[in-house]
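Morning, everyone. I have one structure to go through today, and I will keep to what can be computed from its atoms. Please have a look at it first.

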Amino acid sequence: MAAHTAARARTPDDDVITATALTKTYGRGTAEVRALDGVSAGIRRARFTAVVGPSGSGKSTLMHCVAGLDTVTSGSIVLDGTEITGLSDRQLTRLRRKRIGFVFQSFNLLPQLTAYENIVLPVTMSGGRPDRDLVDHLCDVLGIAHRMAHRPAELSGGQQQRVAVARALVARPAVIFADEPTGNLDSRAGAEVLTMLRRSVDELGQTVVMVTHDPTAARYADRVLTLADGRVVRDEDAVPTGRAAALVTGTGAGRR
Ligand SMILES: Nc1ncnc2c1ncn2[C@@H]1O[C@H](COP(=O)(O)OP(=O)(O)O)[C@@H](O)[C@H]1O
Ligand SMILES: [Mg+2]
């Protein structure tokens, strides 16, 4: 897969995202909510980072801001060598299209398109031609090669989410953001999708940031950032040798 890895500008420590002193407030006066309250964090390239924390702790806000879907009140975000705070909506749209992949809880596939057409959509929409070898390889790895001609309604939830993962991977984005990707799946389908995200990191060198409130899902990550009240309250690296054990046993025993 090395040939598919684009050479990109490197940020210090090879962080693909460097967020510094982020604040985000909604509303004004007595109605003011400080959703992010001084968040600084680097996201390492080719690693799987989970962002966890209670409901309302700022996980989605952080993801939306670093992915350029929303703007911060103050602070700096360098994404793949580009300072994105201060970019126009048009520039942000372009940046998202070229450098970011998304996986949402609700799959967000287009119902009238086949699985294959959904997967190549980000490439065709930005005027490119899909790399058929890469698409075939991804579909093999994701176990959905035999489902390419089906529409989303003919696929299980787990298959739909794997199509969404393939769609996110095919444009070779600098980062994939997944917001509660297993939220609508049973535990078995959820485990398959998490295994796919894990493999995309291990085998394709993909960078993945996943927001989840599920501690089981977080065990697939290399690193867990915990938010509470808009702040990072914990930043833990997983024990490297524990990862395989967690995937094999599903228990996460020996992870930390
Ligand atoms: N559009 C919005 N308008 C006002 N308050 C918001 C908005 N979005 C989020 N918030 C508030 O910001 C805080 C963080 O929300 P969020 O990032 O969605 O948390 P999480 O994803 O961890 O559940 C919460 O108090 C939430 O109510
Ligand atoms: Mg959320």
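The protein chain has an accessible surface of about 12,200 Å², by the Shrake-Rupley method with a 1.4 Å probe. Carbon and sulfur atoms account for 50% of that surface.

Some housekeeping. This is a predicted model, in which local features need pLDDT of at least 70, side-chain atom pairs count only at pLDDT 80 or more, and totals for chains, interfaces and linings use all residues. Residues are numbered from 1 along each chain as its sequence is written, chains are lettered from A and ligands numbered from 1 in the order in which they are written, and side-chain values use heavy atoms, with hydrogens and water left out.

The protein chain holds 8 helices and 10 strands; these are DSSP runs, with helices being H or I of at least four residues and strands E of at least two, numbered from the N terminus. Of its 256 residues, 47% are buried, meaning under 20% relative accessible area with a 1.4 Å probe and protein chains only, while exposed means over 50%.

Now helix H4, residues 132–142. Which of its residues are buried? They are Leu134, Val135, Leu138, Cys139, Val141 and Leu142. Down the axis of H4 these buried residues fall within an arc of 160°, so they line one face of the helix; the arc is taken from the directions from the helix axis to the C-beta atoms. Asp133 and Asp140 are exposed, on the face of H4 turned away from the buried side. The cover over the buried residues of H4 includes H3, H5 and helix H6 (187–204).

H3 and H5 come up again at the largest pocket. Helix H2 (89–99), strand S6 (100–104), helix H3 (115–125) and helix H5 (157–170) each supply at least two residues of its lining, and S6 gives the most, with 4. The lining comes to 17 residues, with Arg97, Ile100, Phe102, Pro122 and Met125 nearest the centre of the pocket. A lining residue has an atom within 4 Å of a grid point.

Finally, the largest cavity. Its lining has 14 residues, and Ile43, Val51, Leu62, Val66 and Val209 lie nearest its centre. H1 gives the most to this lining, with 4 residues. A cavity, on a 1 Å grid over the protein atoms alone, is a set of points where a 1.4 Å probe fits but cannot get out, whereas a pocket is an open set with protein on both sides within 12 Å along at least five of seven lines.

How values were computed
Contact = heavy atoms within 4.5 Å.
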